[in-house]
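Welcome, and thanks for taking a look at this one with us. Please open the sequence and the structure side by side, and then we can walk through some local features together.

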Amino acid sequence: MIGHIFFILLICTSIVKGILAQPSNADRQIFEIGYFPELPHAAGQEEQYGLAGAFSGMSDGAIIVAGGANFPGLKPWENGQKVWWDDIYILREKAPDEYEWLVRADFKLPETLAYGVSIQTDEGIVCIGGDNGVSKSKEVFLLKWDNAKEEISFEDLPSLPRPLGFMSGDRLGDVIYVTGGLEKDASTRNFFALDLTKKGSSDFEWEELPPWPGPARMLGVTVAQSDGKENVLFLFGGRDVQPGKKMSILSDAYAYSPSAKEWKALEEMGTGHKTTTLMAGTAVAKGSHHIVFFGGSDARILRKLLALKEAYRDTAKSEEEIQALKDQEIDVLENHPGFSRNVLSYNTITGTWTKIGELPKGSPVTTNAFTHRGCTVIASGEISPGIRTKEMLQIKWKKVNASFGTTNYIIVFIYLIAMVLIGVFFSMRQKSTTDYFKGGGRVPWWAAGLSIFGTMLSAITFMAIPAKTYATDWAYFMLNMTIILVAPLISWLFIPFYNKLNITSAYEYLELRFNVLTRLLGSASFLIFQLGRIGIVLFLPSIAISIVTGVDVRVCILVMGILSVIYTVIGGIEAVIWTDVVQVIVLLGGALLSFFLIVSSLEEGFGALMTVAAQDNKFEIFNFSFDFTQPTFWVVVIGGVGTNIITQGTDQSIVQRYITNPDLKNSRKTLYTNAVLVFPASILFFGMGTALYVFFKANPGDLPPLLTNNDAIFPWYIVSQLPIGVAGLMIAAIFSAAMSSLSSSMNSGATAFCKDFYQRFNPGRNDAQLLVAAKWMTLVIGIAGTLFGLWMASSDVKSLWDEFQKVLGLFTGGLGGVFLLGMLFNRANGKGAVIGITGSGIVQWAVVRYTDLNLLLFTMTGLVACVAIGYMASFLFSEDEKNESR
């Protein structure tokens, strides 16, 4: 035993050394500026002056700049003439980080063109509308580059409903949107959409949509990004130009929801209390819910120039006075400092602005920003009135981490060692499979109840619920409350069956009630679900911790996976339950501490939290709409009832806690212990999400725009705001939440396999052999789940809460249905049950493929389908002989 302990300590020490070797980066500077080679002159030109309004983007790995306009030679106030161009420039990589321009006389657009919209797609750049110096264009085409053949090609797309220039746009999913623009000499409220999925069909054309509830505009900024609930289209600023009227500089903002097909007005643009404009600027979506803006015209100098123009157009002034005003205008233009250098970040959830840095020079406007290998490229552009730049900006985004520190790592290390030692302690008490699977009947009801609570709590609750509440509201609160609703049903219907039959695996009941095939199908469904659950529960905290600390996500997954496997394999269900008890205490204690620290950091404390949250409708729970595609009250309650009937009544990891008790009374106490704890815990974790919303709204600069996953919100607060030591304890709590669920999944999965497959088909095996098989199966499940978590680390998952609910619904709906079928309907038989499970799977596939039902309903659709199909199918067959468990 001492040798085992030494070996475990050696493994843990090696793992933590690996963590400490990871770089710690407390640098909050989130970008640095680089430059691609300057834009060259086109064939036949002597010099390149830079381009405004050019089309730009990526195609076949190359950067493309096409068209544009400039003032070659004389400046506009020197009577220089603007010239429109049709040249195309190709920038390609000839060696790693070494680029060269390719310019040829035949690289031409169909016409001279500038000031349209560039939209990046996988096929190339969609070029929309524009101005050729004589008139506006309504033509739309796809510009493509073939790097191997060194050829440019064009593909005509549906024309705009009307000719437009100086508009803005972006792509949201497969739909391209265009907003505003100049039509003839007036800015417009045009709002057009082109669905690329309809390409090749007869209805592949632009759709004219209802415009925003504000003034017409040109040179606005349009960006697609998530608002926490869905991906929406944001429209910012611009200017309104109407013949015979004074120009209006706009600082308003709007968001368009494609699902609701309606606009919502937002607060005016600004940093803090300072209103700003971003006319003709560029912007990109960053992270999970931020938009980063690069400069733009702040309108201060533009307003001064407009005032001078108005003054010298006054016919009452003398020629000398008019000339003096024109001289002032020229002086302002010649000494223009350039457009704003500010780089601003907008949080689409809190609606707050913050300055995150500056460009080294005035920002280019009337250009485009796009992504090249993780960097943002701003191609050429106008840097002051009439002046262009040849520079090709390369904005390199840096990974932003908070400094975790050695002290915090040591605290986490001590915690992890303690969990393993608990497993070692309980391994000394194991003498049989009854000890390994049921704890020898020694586990008190309150500990088993806390273990159920800890298992269901997990990192999904600790991180994803605060993240979901931060991003949305309390709509999901009733999902947790349905645990309380279904507890009487579980107590009355399910638990008596398990106690009466004295079974170890819940799926033994299915064979007693129906047949062996039903048992195997039920157990196999559970095992598949547990593997998915292990992967998700491993990945969730790992990706968040990696984002905020810089520790590689795979290291985090391996740490939790390996240590959970060790103490679960060694200690069995007793180790699982007692580590759960410790982890629940750490988890709830850490959450309470964080909540009170957040509240105390607000200037007006709890009152500020309640006031701001109420003003922003963050407490909304009861949405009684009958829209079953959204998390309305009905969807949450119906889905929650289905989910909790399945998890509380048929999930082996929960049922196994019931049967560790010596009698029915204590099993019911275990159930109600969990149910009683759910309400205050839900208040705490939903409140945490609301508190994080209020905190980051009050302190927008403390939340960097590069967090790529909403689930990292709470860990980021922990690591960046809490004192050293406390942060370590809180990260230990996150590990607690995950490892509690991992150990339960591994032990219950091993139990199901050993009882439903290994022992069922090898009845001659003795108890010692079964115990060895159980430990080996725990190891196999743990390794398989860890590998699945490592695979998930390479996937693009925005919300693990959504993914967990999807897996839960798809794999367990029919499983819960077959239990209810057997317990409630005497007429149901084995063949009907098998058909019910199969039919439920088909129904689930159809629901996912052909409907827009909210994923919370998946469990209920699967459950109801299994019961209905199984019951009706039972009438087609004679009754089975196995009825002793009805």
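Where is the place of Ala-280? Ala-280 sits in the loop between β23 (274-275) and β24 (282-286). Before going further, please keep in mind that this is a predicted model.

**Loop residues with positive phi**

- Ala-280 has a phi near 65 degrees, which is a positive value in a residue other than glycine.
- Ala-280 counts as buried because its relative accessibility is 9%, and the cut-off for buried is under 20%.
- Lys-184 is another residue other than glycine with a positive phi, here near 60 degrees.
- You will find Lys-184 in the loop between β14 (182-183) and β15 (186-187).
- Is Lys-184 buried or exposed? With a relative accessibility of 66%, Lys-184 counts as exposed, since the cut-off for exposed is over 50%.

- Strand β2 (residues 55-59) has 5 of its 5 residues buried, so the rest of the structure largely encloses it.
- Phe-55, Gly-57 and Ser-59 lie on one side of β2, Ser-56 and Met-58 lie on the other, and all of them are buried.
- β2 pairs with strand β3 (residues 62-66) in the antiparallel sense, over 5 bridges.
- Within this pairing, Phe-55 stands opposite Ala-66 of β3.
- The hairpin formed by β2 and β3 has 2 residues between the strands, and Asp-60 in the turn has a positive phi of about 50 degrees.

- Strand β29 (residues 375-379) is largely enclosed by the rest of the structure, because 5 of its 5 residues are buried.
- Cys-375, Val-377 and Ala-379 point one way from β29, while Thr-376 and Ile-378 point the other way; all are buried.
- Strand β28 (residues 369-372) runs antiparallel to β29 and is joined to it by 4 bridges, with Ala-369 standing opposite Ile-378.
- How many residues lie between β28 and β29 in their hairpin? There are 2 residues between them, and Arg-373 in the turn has a positive phi of about 50 degrees.
- β29 is also joined by 4 bridges to strand β32 (residues 392-397), again running antiparallel.
- Gln-394 in β32 is the bridge partner of Val-377.

**A sheet of 4 strands**

- An open sheet is built from 4 strands in the order β12-β13-β16-β17, with antiparallel pairing.
- β12 (168-172) and β17 (207-208) stand at the edges with a single partner strand each, so one side of each has no neighbour in the sheet.
- Strand β16 (residues 191-195) and β17 run antiparallel and are joined by 2 bridges.
- Phe-192 has Glu-208 of β17 as its bridge partner.

**Helices against α14**

- Helix α7 (residues 477-501) and helix α14 (residues 664-698) have axes that come within 10 Å and cross at roughly 175 degrees.
- That angle makes α7 roughly antiparallel to α14.
- The residues in the contact of α7 with α14 include 18 nonpolar, 6 polar and 1 charged.
- Helix α11 (residues 605-615) also meets α14: their axes come within 9 Å and cross at roughly 90 degrees.
- α11 and α14 are therefore roughly perpendicular to each other.
- On the α11 side the contact is made by Ala-608, Leu-609, Val-612 and Ala-613, and on the α14 side by Thr-690, Ala-691, Tyr-693, Val-694 and Lys-697.
- By class, the contact of α11 with α14 has 7 nonpolar, 1 polar and 1 charged residues.

**Helix α12**

- Helix α12 (residues 633-650) has 18 residues and reaches 25 Å from its first C-alpha to its last, close to the 26 Å expected at 1.5 Å a residue.
- α12 is mostly covered, with 15 of its 18 residues buried.

**Ile-422 and its contacts**

- Ile-422 lies in helix α4 (residues 406-427) and, at 18% relative accessibility, counts as buried.
- Which residues does Ile-422 touch, not counting residues up to four places away in sequence? Ile-422 touches Ala-575, Trp-578, Thr-579 and Val-582.
- Ile-422 and Tyr-567 are 145 residues apart in sequence, and their C-alpha atoms are 7.3 Å apart in space.

Technical notes
Residues are numbered from 1 along each chain as its sequence is written. This is a predicted model: local features need pLDDT of at least 70, side-chain atom pairs count only at pLDDT 80 or more; totals for chains, interfaces and linings use all residues. Side-chain values use heavy atoms; hydrogens and water are left out. The expected span of a helix is 1.5 Å times one less than its number of residues. Buried means under 20% relative accessible area, exposed over 50%, partly exposed in between (1.4 Å probe, protein chains only). Two strands pair if DSSP finds at least two bridges between them. Axes are lines fitted to C-alpha atoms, for helices over the stretch in contact, and angles run from 0 to 180 degrees between N-to-C directions. Angles under 35 degrees count as roughly parallel, over 145 as roughly antiparallel, 65 to 115 as roughly perpendicular and the rest as oblique. Ala, Val, Leu, Ile, Met, Phe, Trp, Tyr, Cys and Pro count as nonpolar, Asp, Glu, Lys and Arg as charged, and the others, Gly among them, as polar. Contact means heavy atoms within 4.5 Å.
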